[in-house]
Amino acid sequence: MATIGNSTNIFWHESPVGKAERQKLLNQQGCVVWITGLSGSGKSTLAYSLNRELHTRGKLSYVLDGDNLRHGLNKNLGFAAEDRTENIRRVGEVAKLFADAGLICIASLISPYGKDRDACRALMPDKSFIEVFMNMPLEICEGRDPKGLYKLARAGKIKGFTGIDDPYEPPLSCEIEIKQKDGICPTPPEMTTEVATYLEDSGFLQA
Ligand SMILES: Nc1ncnc2c1ncn2[C@@H]1O[C@H](COP(=O)(O)OS(=O)(=O)O)[C@@H](OP(=O)(O)O)[C@H]1O
Ligand SMILES: Nc1ncnc2c1ncn2[C@@H]1O[C@H](COP(=O)(O)OP(=O)(O)O)[C@@H](O)[C@H]1O
């Protein structure tokens, strides 16, 4: 009897059209660009700017943004540690499917726990999980505070806010680190170019 997780009597069906054929059709390589960092660090800005840049270059990408997914797929999850872990597990699995479809999947979530990000990485073929760490100091993120959430967290009106009274574990190693240089944050176009150049140099923008 085949048993996976909690399901029994389930079997794997192979598709007659393989990933290599889909990639050839799209002239690109499926992969996951996983953007992690504090709220306000610029994850969504980079994700959608990269989405636009790749589109302009004729490459198919799709953004899985944490905030957006919590309106649907993950609407039953909150911000307790086990909910965040389940959130990241689900998005990791969805990202894997998008990459298998041949797309450049851009996932932008706080994803605060190293073990959860590593589990997503482990789902992917070698080198096709590109972790981008938005290494912005808390003071910068809190200063931006476009949604006013840090203010609410400091006032005790949001409990368990990442960076305030909930942990963020920085990546120990990642493919790309976006950080300040001489106290100046790279602009959105500069961040976008850095990631797009990485994808190009690594061969993801051709079949
Ligand atoms: N307690 C708490 N901690 C952190 N963030 C909070 C919280 N409550 C609400 N929000 C809003 O939810 C967005 C983060 O969702 P994610 O799915 O990316 O979070 S996680 O990866 O599961 O930790 C996050 O969006 P971003 O600012 O884009 O990161 C916030 O707008
Ligand atoms: N490189 C940047 N330089 C200056 N401001 C930025 C930069 N990236 C993002 N921002 C601004 O910071 C705020 C938070 O960005 P956002 O992309 O929503 O972050 P996150 O998705 O990590 O919460 C927004 O107001 C955005 O315009």
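**Close-up views of two ligand sites and selected residues**

View 1. Helices here are DSSP runs of H or I with at least four residues, strands are E runs of at least two, and both are numbered from the N terminus.

The model is predicted: local features need pLDDT of at least 70, side-chain atom pairs count only at pLDDT 80 or more, and totals for chains, interfaces and linings use all residues. Residues are numbered from 1 along each chain as its sequence is written, chains are lettered from A and ligands numbered from 1 in the order in which they are written, and side-chain values use heavy atoms, with hydrogens and water left out.

View 2. A residue is near a molecule or strand if one of its heavy atoms lies within 4 Å of it. Look for the polar contacts, which are pairs of N or O atoms within 3.5 Å; within protein, one atom must be able to donate a hydrogen and the other to accept it, and residues adjacent in sequence count only if both atoms are side-chain atoms. The side chain of Asn87 places an N or O atom 2.7 Å from an oxygen atom of ligand 1. For the side chain of Lys147, the distance to a ligand 1 oxygen is 2.8 Å. Lys43 has a polar side-chain atom 2.8 Å from an oxygen atom of ligand 1. On its own, ligand 1 has 630 Å² of accessible area, and the protein covers 92% of it. Accessible areas come from the Shrake-Rupley method with a 1.4 Å probe; for residues, only the protein chains shown count as cover.

**View 3. Ligand 2 and its neighbours.** Of the 15 residues around ligand 2, the nearest are Gly40, Lys43, Ser44, Thr45 and Pro186. Backbone atoms take part here. A backbone N or O atom of Gly40 is 2.7 Å from an oxygen atom of ligand 2, and one of Leu38 is 3.4 Å from a ligand 2 oxygen. Ser44 uses its side chain, with an N or O atom 2.9 Å from an oxygen atom of ligand 2. Alone, ligand 2 exposes 560 Å², of which the protein buries 72%. Helices α2 (43-56) and α8 (188-201) each supply at least two shell residues. The largest share, 3 residues, is from α2.

View 4. A disulfide is a pair of cysteine sulfur atoms within 2.5 Å, and the count here is 0. Cys31 is too far for a bond because its sulfur is 8.6 Å from the closest cysteine sulfur, in Cys105. Cys185 is in no disulfide either; its nearest cysteine sulfur, that of Cys141, is 9.0 Å away. Cys31 is buried, at 0% relative accessibility. Buried means under 20% relative accessible area, exposed over 50%, and partly exposed in between (1.4 Å probe, protein chains only). Cys185, at 23%, is partly exposed.

**View 5. Arg90 in helix α4.** Arg90 lies in α4. Its relative accessibility is 19%, so Arg90 counts as buried. The Arg90 side chain reaches the backbone oxygen of Leu73 at 3.2 Å.

**View 6. Pro125 in a loop.** Pro125 is in the loop between α5 (114-122) and β6 (129-135). At 45% relative accessibility, Pro125 is partly exposed. Pro125 and Lys96 are 29 residues apart in sequence, and their C-alpha atoms are 9.5 Å apart in space.
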